[in-house]
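Visitor: I have this model open and would like to go through it piece by piece. Can we start with the charged pairs and then move to the interfaces?

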Amino acid sequence: MDALRGILTRIVTTAITLFGVAVIVFAVIRIAPGDPIAMMLPPGASDEDIARLRALYGLDKSIVEQFFIWLGNVLHGDFGTSISIRQNVLGIVLGRLPATLELSFLALIIASTIGVGLAYLATRYRETAAEGTVDVINGIALSVPDFLWGLALILTFGVAWPIFEISGRVSPTLDLPFTSNFYLLESLVRFRFDITLNLLSHMIMPAIALALPLAAVISQLLKSSLKETMNQDYVMLARTKGFPESRVIARDAMRNAILPTMTLTGVQLTFLIGGTVIIERLFSYEGLGNLAIDAVINRDLPLIQGIVLLFAVLFVAINLIVDLLYTLLNPRLRHG
Amino acid sequence: MMADAFLDIADLSIVLRSDRAHRLLRSVDLHVNPGEVRGLVGESGAGKSMIGKTIFDILPRAVEAVEGAVTLGGTDLLALSSNARRREIAAAAALIPQDPLTALNPVRRIEGQITDRLTAILGFSKKAARDRALTLLEEVHINDPERVLRSYPHQLSGGMRQRVLIAAAFAAEPKLIVADEPTTALDVTVQKQILRLIAEMQAHHGTALLFVTHDLGVVAKICQNVTVLFGGKVVEDTDVKGLFAHPAHPYTAALINATPRYDRPDQSLLPVPADVIEATRAEIAKADAEWLSQRGQTLKAAS
Amino acid sequence: MADIAQTAPQSGPAHRRRPLPLRLVLSGTWLLVVLICAVFAPFIAPHDPLAQDLLLERLPPFWMAGSEPGYYLGTDGLGRDVLSRIIYGARIALTVAFVAATAACVIGSALGLIAGYYRGFVDQIVSRIVDIWMSFPPVLFAILLVAVIGTGLHSVILAIIVIDWIRFCRVVRAETFVQVKLDYVDSARVAGFSRLTILIREVFPNTLPTIVALLSLEMGIAVIVEAILSFVNLSISTDDPTWGGMIAEGRTIIYFAWWVLVFPLIALFLTVLAFGQFGEGLKDRFDPVLQ
Amino acid sequence: MTTPLFSVEGVNVALPDPNHKSLLGTMPMVEILHDIDLEIEEGSVVGLVGESGSGKSTLGRTLVRLLEPAAGTIRFLDTDISHLDEQAMRPFRRDLQVIFQDPLSALNPRHTIASIIGRPLMLHGLAQNRRAARRLAQEALERVGLPTAFAARYPHELSGGQRQRVGIARAIATQPRFVLADEVVSGLDVSSQAQILTLLDQLKTDLKLTVVFISHDLSVVRRLCDRVVVLRRGEILENRPTAELFEAPAHAYTAELKAAIPLPEVDQGWLASQ
């Protein structure tokens with residue numbers, strides 16, 4: 001009963017959020033100065049051409065009507081046609097999405113590994129120089145955003161010691177035998193590890209740049225959560241049972257500490273994905289974010305709309321999944 | 001008598017690592033004989049929990065035992081390596097913690113929390129450990145032990161959880177149980193049931209019990225002997241009858257008079273006289289001065 | 001009468017002076033340097049930041065072969081002095097930092113306090129708006145806004161305010177939730193203070209350390225957002241010296257003149273780091289209970 | 001017959017249930033107090049006793065209108081204060097004071113002791129300016145046995161017992177008619193407990209206070225209170241003069257509560273007794 005009510009309210013708020021997103025996207029685009037039609041037309045188009053196009057895009061109707069026409073189309077998966085690429089927006093956007101998802105996923109794995117590792121070290125060797133070092137690392141990684149890490153990485157491992165690739169998703173000379181745009185995944189499934197390595201060599205720096213701030217967030221949250229947990233009576237009791245400290249942390253403290261960390265990581269993961277916009281630009285990585293900036297620069301309104309909406313849906317979905325996971329992993333909530 | 005004490009803490013001093021002249025425990029002697037129930041009494045800051053933490057080798061890193069010996073069943077604990085010490089302690093002693101609401105891990109089922117020490121350290125098979133857990137839960141008067149073993153802590157009431165913790169403490173048949181204010185967080189009616197249960201289990205298993213509390217009423221009901229702490233120093237070590245009949249130290253006497261009792265409203269809850277506090281503090285200061293003058297050089301050399 | 005209570009636990013004087021933490025000193029010093037550069041740029045900068053000289057293009061920094069005296073950190077692809085451009089760039093960076101962060105802070109914190117304290121309907125509305133805002137990637141949102149309202153300093157500042165007030169709102173709202181549960185709020189109600197008085201006089205001061213730390217951090221973020229917008233050519237005009245613009249140019253000629261990228265990057269890096277550390281340092285400093 | 005200071009009739013109080021959190025929206029309400037009738041005579045000290053979950057604190061907080069009753073009336077002298085809003089309550093606030101259980105949480109860490117005690121005095125016109133408020137705050141500190149120099153300090157600079165004294169000083173500074181003492185000694189050591197109780201005893205006589213004293217400990221109540229009200233699961237079981245209640249508890253639960261208290265004297269049979 002309560003669980004059902006919780007899920008219902010969650011669905012309602014999600015719907016409200018998505019509707020709000022749609023309104024904002026629509027509004028921002030419509031207040032754009034300059035006539036969108038004028039941008040679509042070649043110079044010297046006649047007034048009749050303009051009027052025809054206006055009618056075609058529904059721009060001659062009232063703003064509210066326009067919104068609902070637009071919303072109806074969007075809900076049917078019709079995001080319109082890109083002005084600059086002249087293809088179906090949904091097709092373009094979905095084609096680019098895998099690149100961004102793979103990059104984000106790689107970054108998430110790196111961030112979790114570093115974050116959990118650092119938090120564990122700081123807890124295992126608390127009140128020693130190790131904990132202080134972790135604090136300093138966290139402090140630096142937290143205040144410096146991904147954009148700067150990206151630049152610093154390009155300089156060090158791209159220019160000074162050219163170990164990794166600094167631009168693109170995969171070397172253009174490689175022949176890709178793939179049927180989907182999930183290159184990394186497909187190269188693994190098809191045992192084409194040469195391509196995997198090439199992909200990773202392109203992805204590793206942008207992924208680390210994206211991961212560092214999140215790693216610091218995870219490390220800091222988990223560390224303070226662990227600190228609290230380590231002072232709980234059940235951890236003290238576990239110590240009196242004769243278990244070594246490492247097992248006490250792993251078995252008794254970690255599971256409890258990770259739950260609150262996870263809820264906050266959900267929001268942070270959306271920040272990470274948001275970060276791909278500029279990081280993809282920086283590394284000329286052919287993902288959604290890079291496409292988005294091109295779209296803005298080209299004033300390609302349908303494409304911008306499509307990308308922003310896709311990001312919004314993705315973010316809302318992530319938050320929903322994190323909430324569900326939290327409920328599943330927490331016995332207190334699972335058993336009502 | 002001291003020779004056959006099961007727990008023998010002798011001349012234990014604990015200092016802050018940051019200020020090694022500052023003692024938190026001041027040359028404490030404490031003995032618990034096999035099968036004895038001893039109360040350890042003091043107000044907050046008296047150092048009672050510090051003693052418990054020393055026994056289980058879980059002192060915070062900010063403090064350090066600088067001298068004295070802790071002997072458990074004839075083994076000198078401070079001479080062992082850290083991991084060996086923990087195993088030794090775990091086999092010989094167990095803790096009943098203060099707050100049943102926080103002493104069980106919320107994300108683990110009860111079964112593992114009773115049996116983990118048996119399977120992981122004492123080499124029980126999973127089946128044997130489970131059988132043992134069932135027996136223990138029956139001993140602490142839990143009606144449907146099977147269900148309780150499968151439960152998570154939040155599915156049990158506070159009194160139930162304290163019973164589970166008591167059962168877990170007796171799991172490995174320890175020779176010594178340290179009960180750290182096990183009833184402070186409970187309502188009085190539940191407190192009485194739990195005290196009765198602890199006494200029953202103690203008698204049944206013949207375990208030595210060190211009962212840490214601030215409540216002289218509880219001491220009177222459950223302990224045979226008692227050690228009173230003030231400011232990290234033992235001010236009284238006597239049997240419980242003697243404690244109430246003729247307390248040797250003025251602070252103990254004042255503490256008894258400060259304890260509320262409904263049958264004598266006008267002769268209880270009397271504030272501890274300032275001169276008693278002053279005198280006791282002076283005593284401690286004097287002992288500290290002597291201690292420092294003897295060990296000042298070594299302390300400096302060490303830090 | 002007996003009184004143990006009269007002896008305080010710590011015998012030290014009521015207001016102990018703690019030594020300034022190292023990170024507060026270091027970050028504060030750097031921010032001061034940047035501030036001085038920004039204010040006195042015309043007196044400090046050795047050259048006109050806009051002066052192009054194609055004869056002097058891509059000069060390396062002073063210690064390398066081929067450098068020209070007076071051009072300490074070299075010149076860019078149009079022969080403009082890198083050091084002078086960094087010094088002038090501090091002006092735009094700090095202007096954006098102070099104006100945008102302060103405005104976002106005031107709006108966000110006020111809404112956060114109100115939502116966290118009054119709960120109910122107000123909180124529902126604020127929470128929904130926060131949810132909606134959180135569904136946009138902030139950088140894309142900023143780029144989009146600036147593209148829509150036009151480039152220029154005002155647009156950049158406006159975009160940062162519109163996007164980042166949410167940061168303050170979320171944190172302050174959560175902190176207010178925590179504070180409102182404490183008994184001192186009930187104490188104030190018992191004393192008869194109005195809800196508004198309690199919010200302003202009792203709750204708000206307790207959220208200040210959090211707000212101040214966040215404000216400082218936000219200043220660093222604002223500097224970065226400006227740099228990112230410059231990087232994608234959407235901030236100020238391309239001639240004006242901005243760190244982001246320099247980095248964008250440096251990125252394209254990275255293999256020929258690394259210094260065009262490296263020096264503004266260092267300035268940006270240190271400034272952002274300093275803002276973050278300064279805020280954290282202040283927070284600790286402001287906390288009355290922390291020792 | 002004089003009018004009682006408080007008369008409570010048929011009061012029900014419901015609070016949101018913290019065990020059933022929904023992700024947003026309203027939490028389901030649980031009834032904490034059912035149909036409470038209670039009269040409190042001016043000048044009396046009434047103990048509210050019960051175990052956790054009995055609703056004793058909820059009743060106390062409802063009396064001083066930190067909570068609003070769902071049904072029933074609360075009269076303070078001749079006024080029905082059950083549903084007065086914040087502004088309408090203000091004139092009564094001076095007379096209805098509270099000493100909270102946890103003084104660290106109840107004293108705002110950002111304000112000095114002088115400000116904590118003094119500002120309510122200015123609000124209620126008892127002091128015209130800061131200076132006068134400060135003087136009165138110092139007087140209140142003296143009354144509770146603290147040095148006047150503490151006025152310049154912050155709460156975290158004091159010990160637990162001292163903070164609780166500041167809590168008392170704040171409560172009496174407005175010269176209230178009524179003080180609610182909510183578990184004021186349960187966080188303290190036995191020796192501080194005795195001091196705080198002695199102080200309260202003395203203040204109630206000196207200032208002719210009416211006190212409601214909430215405690216889970218019958219022994220403590222015995223010392224201080226004229227009457228004792230025993231609560232269980234949101235209902236009043238007994239409400240009788242203290243001596244009478246202790247001599248012959250009318251309700252089995254009261255007898256059980258009393259029998260469960262371990263007196264500081266050796267008694268072999270106590271553990272086994274029911």
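**Salt bridges and interfaces**

Guide: Arg126(A), Arg239(A), Glu245(A) and Arg86(B) are joined in a network of salt bridges. Keep in mind that this is a predicted model.

Visitor: Pick one in chain A. Which residue does Arg190(A) form a salt bridge with?

Guide: Its partner is Glu186(A), and the closest N and O atoms are 2.8 Å apart.

Visitor: Is Glu186(A) buried or exposed?

Guide: Glu186(A) counts as buried, at 8% relative accessibility. Arg190(A) is partly exposed, with a relative accessible area of 37%.

Visitor: And in chain D, what does Arg240(D) form a salt bridge with?

Guide: With Glu238(D), where the closest N and O atoms are 2.8 Å apart. Both Arg240(D) and Glu238(D) are buried.

Visitor: What about Arg61(D), which residue is in a salt bridge with that one?

Guide: Asp186(C), with 2.5 Å between the closest N and O atoms. This pair crosses between chains: Arg61(D) sits in helix H1 (residues 56-63) of chain D, and Asp186(C) in helix H7 (residues 183-191) of chain C. Asp186(C) has 15% relative accessibility and so counts as buried, the cut-off being under 20%.

Visitor: Stay with those two chains. How many residues of chain D are in contact with chain C?

Guide: 41 residues of chain D, against 35 residues of chain C. The area buried between chain D and chain C is about 3,300 Å², and carbon and sulfur atoms give 50% of that.

Visitor: How many salt bridges and polar contacts are there between chain D and chain C?

Guide: There are 2 salt bridges between chain D and chain C. On the chain D side, several elements each supply at least two residues, including helix H2 (86-93), strand E6 (96-99), helix H4 (113-123) and helix H7 (190-206). By class, that side has 15 nonpolar, 14 polar and 12 charged residues.

Visitor: Now chain C and chain A. What area is buried between them?

Guide: About 3,700 Å², of which carbon and sulfur atoms give 83%. Leu140(C), Val148(C) and Arg251(C) supply 16% of the area that chain C buries against chain A, more than any other three residues. In contact terms, 36 residues of chain C meet 48 residues of chain A.

Visitor: What is the count of salt bridges between chain C and chain A?

Guide: The count is 0. For polar contact, it is 4 residue pairs between chain C and chain A, both residues at pLDDT 80 or more. Helices of chain C that each supply at least two residues to the side touching chain A include helix H4 (120-134), helix H5 (138-149) and helix H10 (258-286). The largest share, 9 residues, comes from H10(C). By class, the side of chain C that touches chain A has 29 nonpolar, 3 polar and 4 charged residues.

Visitor: Moving inside chain A, where is Ser104(A) found?

Guide: In helix H5 (residues 89-124) of chain A. Ser104(A) counts as buried, at 4% relative accessibility. The side chain of Ser104(A) reaches the backbone oxygen of Thr100(A) at 2.8 Å.

Visitor: What does Ser104(A) touch, not counting residues up to four places away in sequence?

Guide: On that basis, Ser104(A) touches Leu272(A), Ile273(A) and Thr276(A).

Visitor: Chain B, then. How many residues has helix H7 of chain B?

Guide: Helix H7 (residues 188-205) of chain B has 18 residues. From first C-alpha to last, H7(B) reaches 26 Å, close to the 26 Å expected at 1.5 Å a residue.

Visitor: Which residues in H7(B) are buried?

Guide: Among them are Val188(B), Gln191(B), Leu195(B), Ile198(B), Met201(B) and His205(B). Just after H7(B), Gly206(B) takes a positive phi of about 65°.

Visitor: Last one. Where is Asp19(B) found?

Guide: Asp19(B) is in the loop between strand E1 (7-16) and strand E2 (23-32) of chain B. At 35% relative accessibility, Asp19(B) counts as partly exposed. The C-alpha atoms of Asp19(B) and Ala172(B) are separated by 39 Å, the two residues being 153 apart along the chain.

Conventions
Residues numbered from 1 in each chain as written. Chains lettered and ligands numbered in written order. Predicted model: local features only at pLDDT ≥ 70, side-chain atom pairs only at ≥ 80, totals over all residues. Heavy atoms only, no water. Salt bridge = Lys/Arg side-chain N within 4 Å of Asp/Glu carboxyl O. Buried < 20%, exposed > 50% of the residue type's maximum accessible area, 1.4 Å probe, protein only. Helix = DSSP H or I, 4+ residues; strand = E, 2+ residues; numbered from the N terminus. Contact = heavy atoms within 4.5 Å. Buried area = accessible area lost by both parts, 1.4 Å probe. Nonpolar A, V, L, I, M, F, W, Y, C, P; charged D, E, K, R; others polar. Expected span 1.5 Å × (residues − 1). Polar contact = N/O pair within 3.5 Å; in protein donor to acceptor, adjacent residues only side chain to side chain.
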